[in-house]
Amino acid sequence: MIPPVMHRPQGSLLVEGLQWIVAVTALGCLAWLPRTPALFVALCAGTHIEFYEADLNHDDYVSVGEAAYACNVDSRPVRNDGRACTEYYNRVDWRPVKLECSGPQFSRWTQAQDG
């Protein structure tokens with residue numbers, strides 16, 4: 001015996017269409033998200049890395065790979081020209097990412113000329 005053909009209740013086509021619209025919109029947002037600073041903020045929150053420093057290929061957006069590399073940083077105290085500084089380095093390959101120093105800039109040239 002062949003089962004009877006079931007007819008769709010009225011209105012379910014509208015609900016199904018709205019579900020498809022929501023799904024396509026969500027996928028569009030997820031595809032657009034990596035090109036916004038929101039991804040950088042989410043992956044690099046709590047680090048001392050700026051957006052332009054994490055944009056390794058300078059294309060004005062930080063990809064997931066760039067954020068994973070550039071925002072995997074740690075810091076250590078160093079001395080640079082007699083000043084106390086903080087060096088931020090990448091944990092993957094120990095390369096320096098950024099150097100922040102406090103206090104007045106010390107110049108050997110100025111000191112040599114004065115004395």
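Predicted model: local features only at pLDDT ≥ 70, side-chain atom pairs only at ≥ 80, totals over all residues.
Trainee: Let's start inside. Which residues make up the largest nonpolar core?

Mentor: The general idea comes before the case: in soluble globular proteins, nonpolar side chains tend to be buried together. Here the largest nonpolar core has nine residues: Phe 40, Cys 44, Ile 49, Ala 54, Val 62, Ala 67, Ala 70, Cys 71 and Val 73.

Trainee: Okay, let me look at α2. Which of its residues are buried?

Mentor: Leu 39, Phe 40 and Cys 44 are the buried residues of α2. Looking down the axis of α2, you'd find its buried residues within an arc of 105°, so they line one face of the helix. Now turn to the other side of α2, where Val 41 and Ala 42 are exposed.

Trainee: And what covers the buried residues of α2?

Mentor: The cover includes α3 (51-54) and α4. While you're there, check what comes after the helix: α2 is followed by Gly 46, and its phi is positive, near 90°.

Trainee: Now the cysteines. How many disulfides does a search of the whole structure find?

Mentor: A disulfide is a covalent bond between the sulfur atoms of two cysteines. In this model the search finds two disulfides. Count the bonded cysteines along the chain and the pattern reads 1-2, 3-4.

Trainee: Which residue does Cys 44 join up with?

Mentor: Cys 44 is joined to Cys 71, with an S to S distance of 1.6 Å. Cys 44 sits in helix α2 and Cys 71 in the loop between α4 and β1 (73-80), so the pair ties together parts that are 27 residues apart in sequence. The link of Cys 44 and Cys 71 is right-handed, with 80° about the S-S bond.

Trainee: Are those two cysteines buried or exposed?

Mentor: Cys 44 is buried, at a relative accessible area of 4%, and Cys 71 is buried too, at 10%.

Trainee: What about the disulfide of Cys 85 and Cys 101: how far apart are their sulfur atoms?

Mentor: The sulfur atoms of Cys 85 and Cys 101 are 2.0 Å apart. Cys 85 lies in strand β2 (residues 83-90) and Cys 101 in strand β3 (residues 96-101), so this pair ties together parts that are 16 residues apart in sequence. The link of Cys 85 and Cys 101 is right-handed, with 100° about the S-S bond. As for burial, Cys 85 is buried with a relative accessible area of 4%, whereas Cys 101 is partly exposed with 29%.

Conventions: Residues numbered from 1 in each chain as written. Heavy atoms only, no water. Core = buried A, V, L, I, M, F, W, Y, C linked by side-chain atoms within 4.5 Å. Buried < 20%, exposed > 50% of the residue type's maximum accessible area, 1.4 Å probe, protein only. Helix = DSSP H or I, 4+ residues; strand = E, 2+ residues; numbered from the N terminus. Arc of directions from axis to C-beta. Contact = heavy atoms within 4.5 Å. Disulfide = S-S within 2.5 Å.
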